[in-house]
Amino acid sequence: MSMGHCSEQRPGFEVTKDWNGADQVAIRSPRGASVRVCLHGGQVVSWRNDRGEELLFTSSKAIFKPPRATRGGIPICFPQFGNCGTLEQHGFARNKIWTIDEEAPPLNYGDNNNNKASVDLLLKPSEDDLKCWPHCFELRLRVSLSTDGDLSLISRVRNVNGKPFSFAFAYHTYLSVSDISEVRIEGLETLDYLDNLNQRERFTEQGDAITFEAEVDRVYVGSPGVIAVLDHEKKRTFIVRKEGLPDIVVWNPWEKKSKTMADFGDDEYKQMLCVDAAAVERAITLKPGEEWTGKLELSAVPSTNCSDHLDHPGRL
């Protein structure tokens with residue numbers, strides 16, 4: 001499928017139009033990996049490795065037309081996650097038009113961009129946003145692709161309000177997998193989780209690894225900075241690294257719920273797994289002038305190499 005009919009080169013990235021006329025940004029690494037980010041929602045909609053394999057799931061029934069959020073990729077959930085609040089599901093950031101931030105302030109994060117192609121995006125509240133959530137903010141997102149094809153997202157929320165405000169945040173990451181019954185997650189053993197299928201009741205994970213044989217919708221709290229998602233059939237492992245985001249949300253709708261979602265195929269639950277770096281159990285509170293930073297880095301490696309990454313979690 002063609003990405004669009006119009007394109008504009010910028011340093012490190014290319015701006016194109018998608019089939020709805022919405023702006024998308026394409027980033028490519030020298031070795032052939034690529035990322036596409038839609039300005040509708042500031043949403044990563046594609047991440048391909050240097051062999052051209054798509055690593056993120058997008059439903060074949062996804063609706064790509066604003067104001068609907070696209071079912072797949074990496075939607076940004078802000079300032080609310082799920083239905084835990086008065087706003088629309090997962091907040092409004094994923095349904096708004098973001099802008100390319102030509103003058104993004106430098107990151108005080110030790111993030112070395114020398115070997116990365118990146119784009120900076122910006123979202124500020126509209127008058128309508130302020131009516132339903134009366135807080136002035138700046139939400140910045142840097143999407144970067146390393147020479148090795150690793151994808152990183154760094155978000156910054158600044159309070160430009162005269163009073164404190166609180167928010168939740170999540171990178172709602174749809175990973176593409178071969179068969180959900182052949183997938184397991186390592187790194188969340190013995191953690192407490194809130195079970196959204198049981199009124200957010202708190203349980204403790206008992207398994208050596210998380211495997212899937214029914215619907216799962218959990219918030220693992222106080223999670224480590226690195227976890228692994230192993231896909232046995234593809235012999236591929238996703239390494240998920242995060243900072244500033246204490247929780248991991250794990251979601252798969254399974255068969256029954258899939259059939260109730262208009263923008264999701266009945267059997268597509270077999271090919272996807274959401275593993276979200278998030279701050280949802282406890283809201284983040286910013287005083288006037290304060291800024292919060294949350295980072296996600298995704299790597300896809302052959303499964304035989306994944307233990308090295310789990311043994312060295314501090315490589316963000």
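Predicted model: local features only at pLDDT ≥ 70, side-chain atom pairs only at ≥ 80, totals over all residues.
Trainee: Which two residues does a cis peptide bond join?

Mentor: F78 and P79, with omega of about 0°. P79 belongs to the loop between β6 and β7 (99–100).

Trainee: Let me step back to the whole fold. How many helices and strands does the protein have?

Mentor: There are three helices and 22 strands. Of the 316 residues, 54% are buried. To see how the chain folds back on itself, look at sequence separation: among contacts with a separation of 6 or more, 64% are between residues 24 or more positions apart. The accessible surface is about 14,100 Å², and carbon and sulfur atoms hold 46% of that area.

Trainee: Now the rings. How many aromatic pairs does a search of the whole structure find?

Mentor: The search finds 18. For each pair, you read the distance between ring centres and the angle between planes; under 30 degrees counts as stacked, over 60 as edge-to-face. F57 and Y174 are a stacked pair, at 6.3 Å centre to centre with 25° between the planes. These partners are 117 residues apart, F57 in the loop between β5 and β6 and Y174 in strand β12 (residues 174–176). F57 is buried at 6% relative accessibility, and Y174 is buried at 2%.

Trainee: Why is the pair of W133 and F165 edge-to-face?

Mentor: Their planes are at 65°, with centres 5.3 Å apart, so the pair is edge-to-face. W133 is in the loop between α1 (127–132) and β9 (137–146), while F165 is in strand β11 (residues 165–171), 32 residues away.

Trainee: Next, charges. How many salt bridges does the structure hold?

Mentor: The structure holds 20. The idea is a side-chain nitrogen of Lys or Arg within 4 Å of a carboxyl oxygen of Asp or Glu. R28 and E14 meet this way at 3.4 Å, N to O, linking strand β3 (residues 23–28) to strand β2 (residues 13–17). R28 is partly exposed at 45%, whereas E14 is buried at 15%. Another pair is D148 with R31, whose closest N and O atoms are 2.7 Å apart. D148 lies in the loop between β9 and β10 (151–159) and R31 in the loop between β3 and β4 (34–38), so the pair ties together parts 117 residues apart in sequence. Both D148 and R31 are exposed.

Trainee: Where do R236 and E53 lie in the chain?

Mentor: R236 is in strand β19 and E53 in the loop between β5 and β6, 183 residues apart. Their salt bridge has its closest N and O atoms 3.7 Å apart. R236 is buried at 8%, and E53 is partly exposed at 33%. Shared partners join D50, R51, E53 and R236 into one network.

Trainee: Last one: which residues does the UniProt annotation "binding site" cover?

Mentor: The unreviewed UniProt entry lists R71, Q89 and R94 under that label; such annotations may be inferred rather than shown by experiment. R71 is in the loop between β5 (43–48) and β6 (76–77), and R71 counts as buried because its relative accessible area is 17%.

Conventions: Residues numbered from 1 in each chain as written. Heavy atoms only, no water. Helix = DSSP H or I, 4+ residues; strand = E, 2+ residues; numbered from the N terminus. Buried < 20%, exposed > 50% of the residue type's maximum accessible area, 1.4 Å probe, protein only. Contact = heavy atoms within 4.5 Å. Areas by Shrake-Rupley, 256 points an atom, 1.4 Å probe, with all protein chains shown as cover. Phe/Tyr/Trp six-rings, centres within 6.5 Å; stacked < 30°, edge-to-face > 60°.
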